[in-house]
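User: Please take me through selected side-chain interactions of the structure shown below.
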Amino acid sequence: MVKTKVKPIAGTGQICVYIKDGLVDAVGDGLLPDIADLNIPGVSAVRHITVYSLEGKLAPAKLQRIGAELLADPITQEFSIGDPPPELTKGAWVVHVKYNHGVTDPAAESAEKGIADIGVAGVANVTTSRIYILRGRVSKTSIDAITRRLLANPVIQTYAIEKM
């Protein structure tokens with residue numbers, strides 16, 4: 001039997017880290033009273049995902065190792081390589097909030113250092129972003145208002161809204 005080595009892919013990989021089902025998502029749950037304070041009805045649940053985008057020579061095994069050993073707490077969190085699992089987003093409003101180019105990203109800097117500390121080579125750059133998954137009977141106009149007032153700072157961030 002001949003084993004073939006998986007070649008690293010030059011480009012960008014993405015790791016999504018989120019709270020396990022059945023546990024409290026403090027960030028997501030904490031947004032519900034803030035949304036209520038905006039007098040926007042209809043949002044029944046919010047879930048939060050931290051996204052790490054990595055550039056460099058990225059074999060799938062490297063991404064798996066970074067997610068398992070560094071980015072996700074195995075007790076309370078799960079992670080996925082690439083997009084969030086469809087079962088998290090199906091039927092929901094998905095808001096992806098990213099930092100503008102040139103904005104300092106301390107979480108990304110910490111992740112880059114941690115990746116080097118666990119001995120994974122080939123990662124040239126890390127950026128972070130957030131995905132918010134909002135469920136309930138709510139319009140795109142309301143989701144946009146929630147995003148502009150609570151989820152994104154237009155001075156340093158951009159966002160995209162999608163209904164899944």
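**Salt bridges and a buried serine**

Analyst: R148 is partly exposed, with a relative accessible area of 45%; partly exposed lies between buried (under 20% relative accessible area) and exposed (over 50%), computed with a 1.4 Å probe on protein chains only. The model is predicted, so local features need pLDDT of at least 70 and side-chain atom pairs count only at pLDDT 80 or more, while totals for chains, interfaces and linings use all residues. Residues are numbered from 1 along each chain as its sequence is written, and side-chain values use heavy atoms, with hydrogens and water left out.

User: Which residue meets R148 in a salt bridge?

Analyst: A salt bridge requires a side-chain nitrogen of Lys or Arg within 4 Å of a carboxyl oxygen of Asp or Glu. The N to O distance is 2.9 Å, and the residue is D144.

User: How far apart in sequence are the parts that R47 and D21 tie together?

Analyst: R47 forms a salt bridge with D21, with 2.8 Å between the closest N and O atoms. R47 lies in strand 2 (residues 43-57), whereas D21 belongs to the loop between strand 1 (10-19) and helix 1 (26-37), so the pair ties together parts that are apart in sequence by 26 residues.

User: Is R47 buried or exposed?

Analyst: D21, its salt-bridge partner, counts as exposed at 59% relative accessibility. R47 has a relative accessible area of 17%, and therefore counts as buried.

User: What is the distance between the closest N and O atoms of R65 and E69?

Analyst: Both residues lie in helix 2 (residues 60-71), four residues apart, about one turn of the helix. R65 is partly exposed at 32% relative accessibility, and E69 is partly exposed at 49%. Their salt bridge has its closest N and O atoms apart by 3.1 Å.

User: Which side chain is joined to that of S129 by a polar contact?

Analyst: S129 is found in strand 5 (residues 123-136) and is buried at 7% relative accessibility. Beyond its neighbours within four places in sequence, S129 is in contact (heavy atoms within 4.5 Å) with residues including I49, T50 and V51. A polar contact is a pair of N or O atoms within 3.5 Å; within protein, one must be able to donate a hydrogen and the other to accept it, and residues adjacent in sequence count only if both atoms are side-chain atoms. The contact with S129 is 2.8 Å, and the side chain is that of H96.

Terms used
Helix = DSSP H or I, 4+ residues; strand = E, 2+ residues; numbered from the N terminus.
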